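Colleague: I am new to this structure and would like to learn how to read it. Could we go through a few features together?

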Amino acid sequence: WWGSDSRLKLTQQVIDKFEAAHPNITIEPEYGDYTSYFDKLNVQLAGGEAPDLIQIGEDFRTYSDQGMFLDLAQVSDQLKLDGLADSVRQMGQSNGTQYLAPMTTGMLAVLVNTDLLKQVGDEIPSNTDTWTWSDFEKWNQEIISKSGGALQGPGFLNNGYGLGIWASQHDEPAQWDDSGVKVSEPILTAFFQKFKDWTSGDNPVSGPVDRWSEGMHVTTDQNPFSTKKQAVNIAMANQVDTFAKSSGQNIEALPLPSDDQSFNWMTQQLSIGWAINAKSECPAQTAEFLNYMLNDTEAATILGAERGIPANDSIRKAIKDSMSDNNKKALEYTSKMETHLADKPNPLTPAGARDANNMVMRYGEDVAFGRISPADAAKNFTNELN
């Protein structure tokens, strides 16, 4: 898996518990940071040396559609997915075959360090349930000004999920699917324009472009929000706990802004899932451990919401009272935003398009640094991804 130090410690606790109850099974953990994870995984899969159990997200089809992941129907005696809603279970399917066991789902949120806000003499606005992007931008510019430029603001929606929400907010039901890019060029142009607007001018929302770009390419532990150089961040709601621990500050989760609140526009995404290597020599034992992580209250209590909100509804209910205050905030935010979910969620990343998330950020940076216009970014992004 990839993840922070806190993820390592929690996962190791779960492994220890499982091994104690299953002395015939030994688990060797292998983890790293996200930036190098897929490069390493690609080499391992190509060389037939990949782990038995692989953490992966909604871009799993890049691998499953090449026969690299096991059809989980083959281990149905050991792995039970009936605790998942149909819509969640389908997040792990490609052409009707279950290749991925969804573990958690997630939603983007505005995360706020209220301790830093107090230090600079600011507070959370009263209209966060209905605020617009303009309201949000003005508030962050105010925070930066009150800090004397010591704090930087948040980056814009910089991945495929963020682009999907932007499309949904503009009443376009998908950012892409198997047939290609679905976001219209005008909406995509407006999206990339934000990268320029937020990093230029006298008091940019994100701060100076160099500082913003640097903050976008560091680990979670070194993120400006973790190191108290940023009071507001746009991130997944389940990261409340991670950022609270890394910063030692109080973190709250607020809704994303939208310029049109007259319809439901929020979408959720598969946060973390697990796939079994199709070449695993011990698929049954691997599935048994996976089943423990997904369905056992003991394991779920240890893991909490560090990887996202548990996808299994019964597990969510079972562990709610035992979760930390920060994880409860993530659960409460998710429950609140469920009433704003769009009728048509964004589809999974098509096979072969795993780099789409990086492309969103790459074109966003090109626009921010003035290397390309927002209109050309929209056109080139569409052509390249298609």
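Colleague: Over how many bridges do strand β4 and strand β10 pair, and in which sense?

Modeller: Some ground rules to begin with: this is a predicted model, where local features need pLDDT of at least 70, side-chain atom pairs count only at pLDDT 80 or more, and totals for chains, interfaces and linings use all residues. Residues are numbered from 1 along each chain as its sequence is written, and side-chain values use heavy atoms, with hydrogens and water left out. Helices (H or I, at least four residues) and strands (E, at least two) are DSSP runs, numbered from the N terminus. Two strands pair if DSSP finds at least two bridges between them. Here, β4 (residues 101-106) and β10 (residues 269-276) pair in the antiparallel sense over five bridges. G106, for instance, has Q269 in β10 as its bridge partner.

Colleague: Which strands form the open sheet, and in what order?

Modeller: Four strands form it, in the order β1-β10-β4-β11, with antiparallel pairing. β1 and β11 (309-310) stand at the edges with a single partner strand each, so one side of each has no neighbour in the sheet.

Colleague: How many residues of strand β8 are buried?

Modeller: Buried means under 20% relative accessible area, exposed over 50%, and partly exposed in between (1.4 Å probe, protein chains only). In β8 (residues 232-236), five of the five residues are buried, so the strand is largely enclosed by the rest of the structure. β8 pairs with β5 (residues 108-113) in the antiparallel sense, over five bridges. There, A109 stands opposite A235.

Colleague: Now a helix, please. Which residues of α2 are buried?

Modeller: They are Y37, F38, L41, Q44 and L45. Seen down the axis of α2, the buried residues fall within an arc of 125 degrees, so they line one face of the helix; the arc is that of the directions from the helix axis to the C-beta atoms. On the other side, T35, D39, V43 and A46 are exposed. The cover over the buried residues includes β1 (53-56) and α3 (61-64). After α2 comes G48, whose phi is positive, near 70 degrees.

Colleague: And which residues touch the most other members of the largest nonpolar core?

Modeller: In soluble globular proteins, nonpolar side chains tend to be buried together. A nonpolar core is a set of buried Ala, Val, Leu, Ile, Met, Phe, Trp, Tyr and Cys residues joined through side-chain atoms within 4.5 Å. The largest one here has 62 residues, and L111, F136, F191, F192 and F381 touch the most other members. Helix α15 (residues 356-368) gives the most to this core, with seven residues. Apart from it lies another core, of 48 residues, among them W1, I54, L72 and M91.

Colleague: Could we finish with a single residue? Where is A342 found, and is A342 buried or exposed?

Modeller: A342 is found in the loop between α14 (325-337) and α15. At 17% relative accessibility, A342 counts as buried. A342 and M266 are 76 residues apart in sequence, yet 5.5 Å apart in space, C-alpha to C-alpha. Contact means heavy atoms within 4.5 Å. Setting aside neighbours within four places in sequence, A342 is in contact with S168, N264, W265, M266 and T267.
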